[in-house]
Every structure is written in structure tokens, then in C-alpha cells.
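Please read the following briefing alongside the sequence and the structure.

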Amino acid sequence: MPLDDLEEQIPSLRRYALALVRDRVRADDLVQDTLERALRKFSLWRRGSNLRTWLFAIMHNLFMNQLRRERTAAETSLTEGAPELSVAPSDEHALDVRDLVAALDQLPVEYREVVLLVGLEELSYREVARALGIPLGTVMSRLSRGRERLRTALAGDTGPQLRRVK
Amino acid sequence: MSESGPVPGEDDLHAYVDGRLDPARRAQVVARLRVDADAAARVEAYRRQNQALHGLFDPVLDDPLPGPVRASLSGARRRTWSAARAAAVAWFVLAPLVGWFGREWFVDEPAAQVTVLPRDAVLAHAVYTPEVLHPVEVDAEREEHLVQWLSKRLQTPLRVPDFGAFGYGLMGGRLLPGADGPAAQFMYQDAQGTRLTLYVSVRQADTGQTAFRFTEQDGVTVLYWIDGRLGYALSGPLTRSYLLTIAEAAYHQLGL
């Protein structure tokens, strides 16, 4: 049943939404909106095409609309007031993880989406291109710039120096 | 990204990190990484980024799905095996829009009766839901008796919708005075103690159907509609969209 396939994707949609907006309530709202739109347009989804990509495309469009509205309403930062994720400092990478959150927040949305869809959701580059409605070459350049920005931010540098070797 | 040029490029480094290279290309990248310390450092950094992202955000995968998500899914499930699927989808998508944006379009309807229904319902909701000792007159253990009794008093066969799919169990019901005669209230409660009420009143004349309407008072959302001689109002401290999803279940179960 296609609905089961759809339900299967929800945890992954939630994970992506949370990484994207960094606020549980807003993330779940985004997931809910995506789901409702998907259910309404389910007849438009062609069987055999990639459901996952289609869902991420819906979420992307909703998120972009939301950002546009917010940007026109007020020039507030997307992550302003977002509560910090609780990160258990369980291993020596904990500090890195906390830095990663901060670095992600600093990343322009266009880069953040690509970095997350590739690195977290493990979509293929082609799937990312389709979900975001951009050419493959743009996916690659955003991925490259996004990851490089994260790397320099995590290395604690402001310039593009080499990462400190441990 | 194996644009199989002789020298692995930037794209190949990413594709290597993401495990998207064929073995031949991968071998070329590995060869480059041995001699290119900068590329090797970057690849290692990107790999750690991926790992950290998973470490940070994977836990949400195991969280139970939010209530509204579960409600939307179970609502959609019911719709898919409903014979009147297309009609129901159109009804539920359009009804709230019509109800909300088009309120003034319905001026020719018996306005008094339409406004009395949510007012009585929200009043009954406000009076009885905070009740600790006697929230209902007849509790759900005697559901059959409850339905028979209220059906008799309202002189209409009543049905009690099951909202178990949304985590709301029936507590019971009571008889109330309504504008046009007796009315019934069914009360539901979830595990957190949130209470919903479904108010049913019988009207003197059959005035056909109305769209779903929303109103809000003191944090209580009321969704109400009229079908023939029966007026229904579902009230609870919930968002409109969630209440609508629950009302959808009621709509189906009441066999409207």
C-alpha cells in the first residue's frame, strides 16, 4: 500500500527537517505540512517514480515559501531563538558535534539543504538535484562549498587554512 | 560522479566520501589521496561531518510519530478504502476553506440556529470538561445503555464515534437541554487528560447540510456542522487542523 511507503519515509523527513530548522516544533510542523500536501497530491505522484525524492521536493518547496514569508515579514534570522539541541557529551567528539550545530546554523540555506540531503539523508546527487529543482552541477558546487565552509568553521579558523592535524 | 577523466577532481572526492564511485574510479581517488595530503585531509573532514550529522540527528528516527502525523495517516487510510473517497477528500479539503473564508456567503442560512449550536456546545464543554467527580452522567462502561437512552430522548438513533485512533477514549455522555429540545454530549479523554466533547442536538426543521465551521472561545476550538435535523459540534483545546482530522473520523463513523 503506497500509504505504508509514505509512512516509512516520515522518520527520515523528520530528521531532515530537524537538521534544517533546528527546532523540534517547527520541524514537526514542516513534516506535518509536507505530509498533508503529499496526501492531497498523492494522486499526482506517479507509481514507480521515487517517492522519497518527491517528498523531499514537497518539503523543500514548503520550506522555501516559509522562508520567503519570514523574510518579507521581518529580517530575522532563521535560527533566532531556536532552542539548543541537547547534545550528550558522551565522547571526545562531543565538542565537535556542538560546533557542527553552530556551523550548520551559519551555513546559507542553499548549502545546508544539499549538505544534509547528501550527508544525512544519503540521497544520490541526482535525487538531490530533482528534489531541489536545480542542475546537477549546482548540487556539486553547493556540496563542495557547503562542506568546505563547515570544515573551516569546525577547524576554528576564519580563513581557508588547513585543518589542524591532531 | 565519475566523469571518467584521468585525474580525479573535486566532485570525485565528494563521491568518494559518499560511497558513490565505481571500484575503478575509487581506486584512482585512493591513489590521489596517497599523494595529496590536502585532499586527504578534506576527505577525512567531510567523512567526519557525515558521521557527526548522523550522530546528532539520527536519534529522532526512533521517536514516536507526532500525534497529528499519526492522525493524518489514519485519516488517509480510512479515506482510501471509503467508497466515497473522492467526494470525501474534496469535502474535507474544501469544507474548512469554505467554512473559514466563506462565512459571510451563508447569510441565507438560518443564522440563529447555526450560531446557537456552537455556543451551546462550547458552554457545555466548558461546564463539564473540568469536572473531576462527575464529568459524565453515564460512563463508557455502559455505552450500549448510554446510546439507547440518548437516542430515545433525542428521538433519533445516535451513534458514538470511536476516536481511539487518535488516543482519545470515550468517557461517557450526558443529556443536556438544548435550544430546540434535548441535546447529548459525549466526552472523550486522552492519556494526558485532554478532553474532547461531541455535542449533538436535534433541531425542529431539516435545513439540509452546512459546511464545516470553526469557532474559537477561550482556547477551545469548536468545529460544527449541521446535517438534516442533527447539529454536531466537536470541541477541544486542539488546533483546527487536528480537530478537523478527528471530525473527519466522526463524519465517516456517523455515516453522514
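Gly9(B) lies in the segment that precedes H1 of chain B, where helices (H or I, at least four residues) and strands (E, at least two) are DSSP runs numbered from the N terminus. Gly9(B) is partly exposed, because 14 other C-beta atoms lie within 10 Å; a residue is buried if 20 or more other C-beta atoms lie within 10 Å of its own, exposed if 12 or fewer, and partly exposed in between, with C-beta atoms placed from the backbone. Gly9(B) and Ala39(B) are 30 residues apart in sequence and 9.9 Å apart in space, C-alpha to C-alpha.

This is a predicted model, in which local features need pLDDT of at least 70 and side-chain atom pairs count only at pLDDT 80 or more, while totals for chains, interfaces and linings use all residues. Residues are numbered from 1 along each chain as its sequence is written, and chains are lettered from A and ligands numbered from 1 in the order in which they are written.

**Make-up of the chains**

- Chain A has 7 helices and 0 strands, and its pattern along the sequence reads α-α-α-α-α-α-α.
- Chain B has 8 helices and 7 strands.
- Of the 166 residues in chain A, 36% are buried, and of the 256 residues in chain B, 35% are buried.
- Two residues are in contact if their C-beta atoms, placed from the backbone, lie within 7 Å; among contacts in chain A between residues at least 6 apart in sequence, 62% join residues at least 24 apart.
- For chain B, among contacts between residues at least 6 apart in sequence, 56% join residues at least 24 apart.

**Contact between the chains**

- Chain B gives 32 residues to the contact and chain A gives 36 residues.
- On the side of chain B that touches chain A, the elements giving two or more residues are helix H1 (10–17), helix H3 (37–57) and helix H4 (67–80) of chain B, and the largest share, 13 residues, comes from H3(B).
- The residues on this side of chain B divide into 17 nonpolar, 7 polar and 8 charged, where Ala, Val, Leu, Ile, Met, Phe, Trp, Tyr, Cys and Pro count as nonpolar, Asp, Glu, Lys and Arg as charged, and the others, Gly among them, as polar.

**Nonpolar cores**

- A nonpolar core is a set of buried Ala, Val, Leu, Ile, Met, Phe, Trp, Tyr and Cys residues joined through C-beta atoms within 7 Å; the largest has 49 residues, and those with the most contacts inside it are Ala17(A) and Val128(A).
- Helix H1 (residues 2–21) of chain A gives the most to this core, with 9 residues.
- Leaving aside neighbours within four places in sequence, Val128(A) is in contact with Val114(A), Leu117(A), Val118(A), Leu123(A) and Val139(A).
- A second, separate core of 41 residues includes Leu158(B), Leu176(B), Leu234(B) and Ile246(B).

**Helices**

- Helix H6 (residues 125–132) and helix H7 (residues 136–154) of chain A pack at an angle of about 105°, with their axes 9 Å apart; axes are lines fitted to C-alpha atoms, for helices over the stretch in contact, and angles run from 0 to 180 degrees between N-to-C directions.
- H6(A) and H7(A) are therefore roughly perpendicular to each other, the term used for angles of 65 to 115 degrees, whereas angles under 35 degrees count as roughly parallel, over 145 as roughly antiparallel and the rest as oblique.
- In this packing, Tyr125(A), Arg126(A), Val128(A) and Ala129(A) of H6(A) meet Leu136(A), Val139(A) and Met140(A) of H7(A), and the residues of the contact divide into 6 nonpolar, no polar and 1 charged.
- Leu51(A), found in helix H3 (residues 51–73) of chain A, is partly exposed, with 18 other C-beta atoms within 10 Å.
- Leu51(A) and Asp5(A) are 46 residues apart in sequence and 8.0 Å apart in space, C-alpha to C-alpha.
- Among the buried residues of H8(B) are Leu243(B), Leu244(B), Ile246(B) and Tyr251(B).

**Positive phi in loops**

- Most residues other than glycine have a negative phi.
- Gln155(B) has a positive phi of about 55° although it is not a glycine; Gln155(B) lies in the loop between helix H7 (143–154) and strand E2 (169–178) of chain B and is exposed, with 10 other C-beta atoms within 10 Å.
- Asp218(B), also not a glycine, has a positive phi near 50°; Asp218(B) lies in the loop between strand E5 (213–217) and strand E6 (220–227) of chain B and is exposed, with 8 other C-beta atoms within 10 Å.
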